[in-house]
Amino acid sequence: MGNAREPAQAEASNMSAPSIRAMVVDDSAVIRGLVKRWLQEDPEIEVVAWAADGEAAEQQITDHKPDVLVLDIEMPKKDGITALPELLRLSPRTKVVMSSTLTTRNADIALKALSLGAADYIAKPTASGDLHAADGFRRELVDKVRALGNSARMRGRIAARVVAKSNDGGVVNTRSTGGHYGSAPIVLRKPGRLVPGIVCIGSSTGGPQALMKLFESIGGKIKQPILITQHMPATFTAILAQHLSRIDGVECAEATDKMKIEPGHVYLAPGDYHMVVEGNPAGNILRLNQEPQENFCRPSVDPMLRSVVEAYREKILTVILTGMGHDGLKGGQTVVDQGGTLIAQDEGSSVVWGMPGAVATGGLCSAVLPIDEMGQAIIRLSNGGGYDANGF
């Protein structure tokens with residue numbers, strides 16, 4: 001199988017083109033073959049091209065203009081991180097998913113790739129022989145390609161309207177989200193009455209980029225503790241915590257079991273562990289567990305939010321950033337039912353408007369904002385400010 005020769009590019013299809021066009025770049029013929037087959041088994045996806053290194057990918061991408069490119073990091077001739085800027089220049093609308101085995105070095109490189117314009121990453125099983133049984137990897141790969149491909153094709157559709165209402169029910173503010181829900185408005189709710197005692201952030205696809213931008217705005221300006229659940233493997237969460245801590249005013253740690261929650265500190269859920277809050281006579285602490293996945297995720301946003309409601313009641317500010325799926329929807333409902341506040345990233349600035357779109361269209365939000373505006377909204381709400389006709 002590894003010695004089989006492959007054509008330089010995909011054959012033309014006789015059928016009508018599926019909605020999502022994918023390209024696979026990996027130096028392993030075994031992995032290329034498996035990834036191509038898995039993707040093409042999904043009726044929404046067609047693999048239109050493939051290559052064994054970054055140099056060959058650059059030669060093909062202009063002709064094929066894929067919606068999504070799965071790009072290996074370690075390859076001969078030209079590796080993925082070196083080829084990434086040129087690939088994005090040649091096909092700016094293509095969403096790139098970095099692919100690598102799960103090592104500390106590769107995790108650091110993958111986060112660098114996200115800062116250079118990659119949309120997401122996926123951790124390959126360590127040995128290629130394990131790929132045949134890697135159901136989790138297969139599901140994550142197909143889900144990410146489908147979500148990113150659909151997101152790329154939705155850009156430019158009619159934007160949704162976000163409508164805020166005054167106390168008497170009259171419309172006081174209308175803005176575009178960059179979304180795709182046509183004329184259906186997203187109705188905002190009033191924020192909670194009390195100053196939050198904690199800030200909780202949930203994110204997934206596109207989250208590391210959004211988190212870096214967000215903390216560059218709020219670093220050192222929030223006195224409350226901040227909890228983050230980002231869907232990532234363990235090796236990646238440790239590296240992400242280090243990257244966030246390099247921002248001025250940010251003290252971010254990958255959470256450990258029984259860690260005390262301190263004001264002004266940032267805690268990131270470690271990969272493969274749910275992070276929850278437990279009340280304690282000496283102060284609230286973090287607990288880690290490996291209970292079943294929720295929303296196909298561990299860590300998951302929902303258990304974090306449920307536990308925070310138990311400890312902080314209505315004094316909660318929840319922020320839902322870019323990500324596929326709907327993790328955070330049920331927990332967010334619990335937060336606002338208790339009297340807390342929830343804000344979400346808008347579709348125009350999200351890599352995938354799944355998680356924030358779910359809470360926005362579910363009527364849970366007090367604001368739906370571009371990532372560039374979210375920092376100031378969090379600062380204002382954390383300091384006791386509210387919402388008026390001009391927004392946050």
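The legends below describe close-up views of one predicted model. Local features need pLDDT of at least 70 and side-chain atom pairs count only at pLDDT 80 or more, while totals for chains, interfaces and linings use all residues. Residues are numbered from 1 along each chain as its sequence is written, and side-chain values use heavy atoms, without hydrogens and water.

**View 1. An open sheet of 5 strands with parallel pairing.** The strand order is β2-β1-β3-β4-β5. Strands (E, at least two residues) and helices (H or I, at least four) are DSSP runs numbered from the N terminus, and two strands pair if DSSP finds at least two bridges between them. β2 (45-51) and β5 (120-124) are the edge strands, each pairing on one side only.

**View 2. The pairing of β1 with β2.** β1 (residues 20-25) is joined to β2 by 6 bridges in the parallel sense. Val25 has Ala51 in β2 as its bridge partner.

**View 3. Helix α1 across the sheet strands β1, β2 and β5.** α1 covers residues 29-40 and runs at about 160° to β2. Angles run from 0 to 180 degrees between N-to-C directions of axes, which are lines fitted to C-alpha atoms, for helices over the stretch in contact. Contact means heavy atoms within 4.5 Å.

**View 4. The packing of helices α6 and α11.** α6 (residues 207-218) and α11 (residues 371-382) pack at about 45°, with axes 8 Å apart. α6 is therefore oblique to α11 (angles under 35 degrees count as roughly parallel, over 145 as roughly antiparallel, 65 to 115 as roughly perpendicular and the rest as oblique). Residues of α6 that meet α11 include Ala210, Lys213 and Leu214.
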